[in-house]
Amino acid sequence: MSTPAVLWTSLALAAVSALGTWLTLRYARRRLLDLPGERRSHTVPTPRGGGLGITIALLAGTALAVAGGVLAPLPALAFAAGLLLVAGIGWIDDHRPLSPWSRLAVQCLAGLVLAAGLYAGQGDWRWALLACAAVPVLVNVWNFMDGIDGIATSQAMIALATFAFLAPPVAALAWGAFAACCGFLPFNYPRARIFLGDVGSGTLGYLLAAMVAWTAPALAREGGALQPLFLLLPLSAFLVDASLTLGRRVLRGERWWLPHVSHLYQRWAKRAGSHVRVSQGYGLFSLLAGWVAYGAHASGTVRPTAVAGTWLALAVVLWLLQGRRIQHT
């Protein structure tokens, strides 16, 4: 797809997303209010479910990608089917809380559907397994980390932009998804008029899982089997916070599957009295991660294992240091 075509398509998807979010906002003000509470980081009733606009834009973008020859029909159909599963169970959960295990079962099914489409298109079981595992992991990570204004969408956008620079073969898909997020972000940041909801956080997690599964083969073909490790860097802020917080809650014997406000970003936002500052802090970290990933990949002279391992270790150290600083101030 030519650069002008990518640009115009991206603008159209941003407009679709913005319109979908605006219409959802009108509906959610009457039907989907998220009330403040001890397990919430907001202080005023706020509509949720705005991520439906991103979902609609992604479905439209999938159809355009097939029409433009950017995405083969079978993988596109699998992506759309998996997206409908994840977004659908999230939309239901936004209206009527469901068991976390029923949501997980649907997410795993979506992973299998995406994996089947990937295998049918490429015939490589390694990337199919990656897709199958990445869907429930990233859907839940983005659900866990969607707790303050702007953070989940901005982190997804940084990751998508990094993927676009790392792997030109998937750049058109990544920029289209980036644009869909752009259409929603003004409604959620710097002050949220509407939240993503489970439909939105699930959509973003599923989208990133699909992009990882599509980008990894392109990187491996270009630079070797270990090049996909660079994809961990722009996801590291969320992966580290979600994983370490989950591990701590499990070790403490807490009911880790229930909503809470003990993630680092939530404790930091409470201490700072600002969602904006924390979202910007996470954003700067992930932008630097994307820059490191791109530079290391472009140089072709560094080991992906060393870069990924060092960066993840740095993220863990910063998580521990910031956690202690918040605790003692």
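## Helix H11, end to end

Helices here are DSSP runs of H or I with at least four residues, and strands are E runs of at least two, numbered from the N terminus. This is a predicted model, where local features need pLDDT of at least 70, side-chain atom pairs count only at pLDDT 80 or more, and totals for chains, interfaces and linings use all residues. Residues are numbered from 1 along each chain as its sequence is written, and side-chain values use heavy atoms, with hydrogens and water left out.

Just past the helix, Gly300 has a positive phi of about 70°.

Buried (under 20% relative accessible area, 1.4 Å probe, protein chains only) residues of H11 include Tyr282, Phe285, Ala289 and His297. Among the elements covering the buried residues are H5 (125-145), H8 (197-223) and H12.

## A look at Gln322

H12 (residues 304-327) holds Gln322. Gln322 is buried, at 14% relative accessible area. Leaving aside residues up to four places away in sequence, Gln322 touches (heavy atoms within 4.5 Å) Leu264 and Trp268.

## How confident is the model?

pLDDT is the predictor's confidence in each residue, from 0 to 100. The chain averages 94, and 98% of the residues score at least 70. Confidence is lowest in strand S1 (residues 33-34), with a mean of 84, and highest in H6, at 98.

Key: Buried means under 20% relative accessible area, exposed over 50%, partly exposed in between (1.4 Å probe, protein chains only).
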